[in-house]
Amino acid sequence: MTDIDLYIRPYRPSDARALTDLFYDTIHSIGPLHYTAEQVAAWAPLPKEYERWAVRLSQCPPYVALLDDIVVGFITLSDSGHIDLAYTHQSYQRRGIASALYEHLLVKAAKQSLQTLTVDASCFARPFFEKRGFEVVRENQTIRRGQRLQSWRMALTLLEGCAGS
């Protein structure tokens with residue numbers, strides 16, 4: 001993140017709609033690169049489920065990335081070290097936003113003394129996490145709305161005292 005001024009902050013309930021839009025819009029624009037139209041529709045069914053997402057986001061509040069007051073990405077970290085959600089706005093891909101969110105998450109993981117991070121990575125997220133040292137633990141085949149969605153459970157062992165450095 002050298003050429004843009006990115007601000008990362010904790011989730012606010014007022015972010016719920018923007019994060020829901022970011023998730024759906026990104027899945028529907030980037031998803032077809034790796035998944036069928038039917039799989040994309042099952043992953044992010046329309047109409048958008050704003051109320052369900054507001055509840056989901058409040059249960060594991062993400063870190064939110066803003067660029068000029070525009071929400072451009074978010075990432076979650078559970079108390080157990082699981083990254084459930086990691087998304088970058090479709091119009092801001094490949095600008096270092098996901099990397100900056102991940103680095104922010106590493107600092108938080110170190111403060112929580114987490115020893116392992118896990119993620120269920122999609123086809124397009126898997127290379128991102130592999131580049132950061134995550135290894136595939138198993139392949140997942142999730143059935144959602146009658147469609148089989150492939151992902152991979154990945155894990156990274158953090159060296160005590162070295163997370164984020």
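**Burial and overall form**

I looked up burial first: 44% of the 165 residues of the protein chain count as buried. I note here that the model is a predicted one.

I then checked the overall form. The C-alpha atoms fill a box of roughly 45 × 40 × 30 Å along the principal axes. The radius of gyration is 15 Å, which agrees with the value near 15 Å for a compact globule of 165 residues.

I also asked how far along the sequence the contacts reach. Among contacts between residues at least 6 apart in sequence, 65% join residues at least 24 apart.

**Elements**

I found five helices and eight strands in the protein chain. I wrote down their order from the N terminus: β-α-α-α-β-β-β-β-α-β-α-β-β.

**The core**

Which residues touch the most other members of the largest nonpolar core? I found Phe 23, Leu 117, Phe 129 and Phe 134, in a core of 50 residues. Helix H4, residues 97-111, gives the most to this core, with seven residues.

I followed Phe 129 next. Leaving out residues up to four places away in sequence, Phe 129 touches Ile 83, Ala 86, Val 119, Ala 121, Phe 134 and Met 154.

Phe 134 sits in the loop between helix H5 (126-131) and strand S7. Is Phe 134 buried or exposed? Phe 134 has a relative accessible area of 3%, so I count it as buried. With residues up to four places away again left out, its contacts are Ile 83, Tyr 102, Leu 117, Thr 118, Val 119, Phe 129, Met 154, Ala 155 and Leu 156.

Thr 118 is in strand S6, residues 116-121. Its relative accessible area is 18%; buried means under 20%, so Thr 118 counts as buried. Beyond four places in sequence, Thr 118 touches Gly 81, His 82, Ile 83, Phe 134, Arg 153, Met 154 and Ala 155. I see Ile 83 and Met 154 in the contact list of Phe 134 and again in that of Thr 118.

**The largest pocket**

I looked up the largest pocket. About 1,200 Å³ of space lies in it. Its lining has 49 residues. Which of them lie nearest the centre of the pocket? I noted Ala 86, Tyr 87, Ser 122, Phe 124 and Ala 125. One of these, Ala 86, is also a contact of Phe 129.

**Loops with charged residues**

I went to Asp 15. Asp 15 is in the loop between strand S1 (6-10) and helix H1 (16-30). Its relative accessible area is 5%, so this charged residue counts as buried. Not counting residues up to four places away, Asp 15 touches Arg 9, Pro 10 and Val 64.

Then I took the loop between helix H2 (37-43) and helix H3 (50-59), where Glu 49 lies. Pro 47 has its place in the loop between H2 and H3 as well. What kind of peptide bond joins Leu 46 and Pro 47? I found a cis bond, with omega about 5°. Glu 49 touches Tyr 24 and Arg 145, with residues up to four places away left out. I also noted that the C-alpha atoms of Glu 49 and Phe 74 are separated by 18 Å, the two being 25 residues apart along the chain.

Arg 145 came next, as a contact of Glu 49. Arg 145 is in the loop between strand S7 (135-144) and strand S8 (147-157). Its phi is positive, about 50°, although Arg 145 is not a glycine. At 54% relative accessibility, Arg 145 counts as exposed.

Where else did I look up a positive phi? Asp 68 has one of about 50° and is not a glycine either. Asp 68 lies in the loop between strand S2 (63-67) and strand S3 (70-75). With 67% relative accessibility, Asp 68 counts as exposed.

How values were computed:
Residues numbered from 1 in each chain as written. Predicted model: local features only at pLDDT ≥ 70, side-chain atom pairs only at ≥ 80, totals over all residues. Heavy atoms only, no water. Core = buried A, V, L, I, M, F, W, Y, C linked by side-chain atoms within 4.5 Å. Buried < 20%, exposed > 50% of the residue type's maximum accessible area, 1.4 Å probe, protein only. Helix = DSSP H or I, 4+ residues; strand = E, 2+ residues; numbered from the N terminus. Contact = heavy atoms within 4.5 Å. 1 Å grid on protein atoms, 1.4 Å probe; cavity = no way out; pocket = protein on both sides within 12 Å on 5 of 7 lines; lining within 4 Å. Points joined across faces, edges and corners; volume = space filled by probe spheres on them. Rg over C-alpha atoms; globule rule 2.2 N^0.38 Å.
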